[in-house]
Amino acid sequence: MKNPEHSLTAEQIAALHDGLVIPAHPLALDENRKLDERHQRALTRYYIDSGAGGIAVGVHSTQFEIRDPGVDLFEPVLRMAAEEVQRAQLQRPFILVAGICGPTAQALREVETARKLGYDAGLLSMGGLADWSEEELLQRTREVAQRIPVIGFYLQPSVGGRMFSFDFWREFAEIPNVVAIKMAPFNRYQTLDVARAVCYCSRRDEIALYTGNDDNIIIDLLTTYRFRVDGELVEKKVVGGLLGHWAVWTRKAVELLEEIKQVRGGAGTISEEWLRRNVEVTDTNAAFFDPAHQFAGCIPGIHEVLRRQGLMRGIWCLNPEETLSPGQAEEIDRIYRDYPHLNDDDFVRGQLNKWLVTKPNHA
């Protein structure tokens, strides 16, 4: 394989391996289900000012329907996010991640759009390709990775993903310009497969492990995987998260990850308090992501929290059938009541008017 056309900078690579909060960016719509540019840009500003180390745009939380003919929002939402990051003139490393979907030809078109807009990496979805063999998916990955750094994505089967073998992930990790893997199977066995596969591959030190397991975020971030490979002990940590869950209460997520980094860097044992905090975050995620109804309300649940904070005007989705499930709003009420220390409402309240200011040349 020839040298990739586009790579991360040394500073971005160091930050990626140190661990970043990367929210999965939602889509702000108005009551007519048209793009609400003012709130779309406000969301990006919120993530930047919260201290996130990147954003993922055009992913599941942004709604896959943005690619549909007649909707055609893939390029506009990626462009707006990129413009806001550029406008912020950040002095810290920041990684713009574009969701990349579809068969190879579509995926490569999306890569070209992302690169044109200044995106740094692609989160490569394997959804919708259930009839493809593992080798066909690996070849697709090689072609995408030739053009942009790739973050792999193990998605849970219950929302459109599929199971992959250990050998698949080992071969996946060997592909040059694969820089990270988001593990989101919501399954300990499958998460273990990815971690072990990376430890067994020759590029293990070039790949960062990120959690997408919204049901186990804190435990993932506190876990060191250790395997004996050819007689040598090899370790990998889950260093950060690329999460729909972190699209809300993002300031607190940034504080949480920094606290976990301090714990990971210290000697001694992890206190039992972290197990309790993991339960709190998982309980919170259950209200947002709606596993009680097979995740039917996961996107509207995120929208509802952002609506309550003023970062979105409503919970509208491109698909009119996507809305809160019965009892989900009450569950979010409960989470606010039971875990008030987890929300960042005060932070948002103090900055919201600034984020909602319309910049010149943007209606």
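A residue here is called buried under 20% relative accessible area, exposed over 50% and partly exposed in between, with a 1.4 Å probe and protein chains only. The views below come from a predicted model, in which local features need pLDDT of at least 70, side-chain atom pairs count only at pLDDT 80 or more, and totals for chains, interfaces and linings use all residues. Residues are numbered from 1 along each chain as its sequence is written, and side-chain values use heavy atoms, with hydrogens and water left out.

**View 1. Gln89 and Asp290 are two residues other than glycine with a positive phi.** As background, most residues other than glycine have a negative phi, and most peptide bonds are trans. Gln89 has a phi near 50 degrees. Look for Gln89 in the loop between helix 3 and strand 3 (95-100); helices (H or I, at least four residues) and strands (E, at least two) are DSSP runs, numbered from the N terminus. With a relative accessible area of 64%, Gln89 is exposed. For Asp290, phi is near 65 degrees. Asp290 sits in the loop between helix 10 and helix 11 (298-309), and with a relative accessible area of 3% Asp290 is buried.

**View 2. Tyr46 and Trp355 form a tilted ring pair.** Rings of Phe, Tyr and Trp (its six-membered ring) pair if their centres lie within 6.5 Å; planes under 30 degrees apart count as stacked, over 60 as edge-to-face and the rest as tilted. The count by this rule is 15 aromatic pairs. In one of them, the rings of Tyr46 and Trp355 have centres 5.4 Å apart and planes at 55 degrees, so this pair is tilted. Tyr46 belongs to helix 2 (residues 37-50) and Trp355 to helix 13 (residues 345-356), so the pair ties together parts that are 309 residues apart in sequence. Tyr46 and Trp355 are both buried.

**View 3. Tyr225 and Phe227 show a stacked pair.** Here the ring centres of Tyr225 and Phe227 are 6.4 Å apart and the planes stand at 10 degrees, so the pair is stacked. Tyr225 is buried at a relative accessible area of 9%, and Phe227 is buried at 13%.

**View 4. Five aromatic residues join into a cluster, and two arginines sit over rings elsewhere in the model.** The cluster is made by ring pairs that link Tyr154, Phe164, Phe168, Trp169 and Phe172. A charge sits over a ring if NZ of Lys or CZ of Arg is within 6 Å of the ring centre and within 35 degrees of the ring normal. The charged end of Arg196 sits over the ring of Tyr200, 5.7 Å from the ring centre. Likewise, the charged end of Arg251 sits over the ring of Phe347, at 5.2 Å from the centre.

**View 5. Cys199 and Cys201 are buried cysteines in no disulfide.** A disulfide is counted as a pair of cysteine sulfur atoms within 2.5 Å. By this rule the model has zero disulfides. For Cys199, the nearest cysteine sulfur is that of Cys201, 8.4 Å away. Cys199 counts as buried at 0% relative accessibility, and Cys201 is buried at 1%.

**View 6. The largest pocket has a volume of about 300 Å³.** On a 1 Å grid over the protein atoms alone, a pocket is an open set of points where a 1.4 Å probe fits, with protein on both sides within 12 Å along at least five of seven lines; lining residues have an atom within 4 Å of a point. Grid points are joined across faces, edges and corners, and a volume is the space filled by probe spheres set on the points. This pocket is lined by 17 residues, and the closest to its centre are Lys252, Ala253, Leu256, Val281 and Leu342. Helix 9 (250-265) and helix 10 (273-289) each supply at least two residues of this lining.

**View 7. The second largest pocket holds about 220 Å³ of space.** Eleven residues line this pocket, with Arg45, Ile48, Asp49, Glu84 and Ala88 nearest its centre. Helix 2, helix 3 (74-88) and helix 13 each supply at least two residues of the lining.
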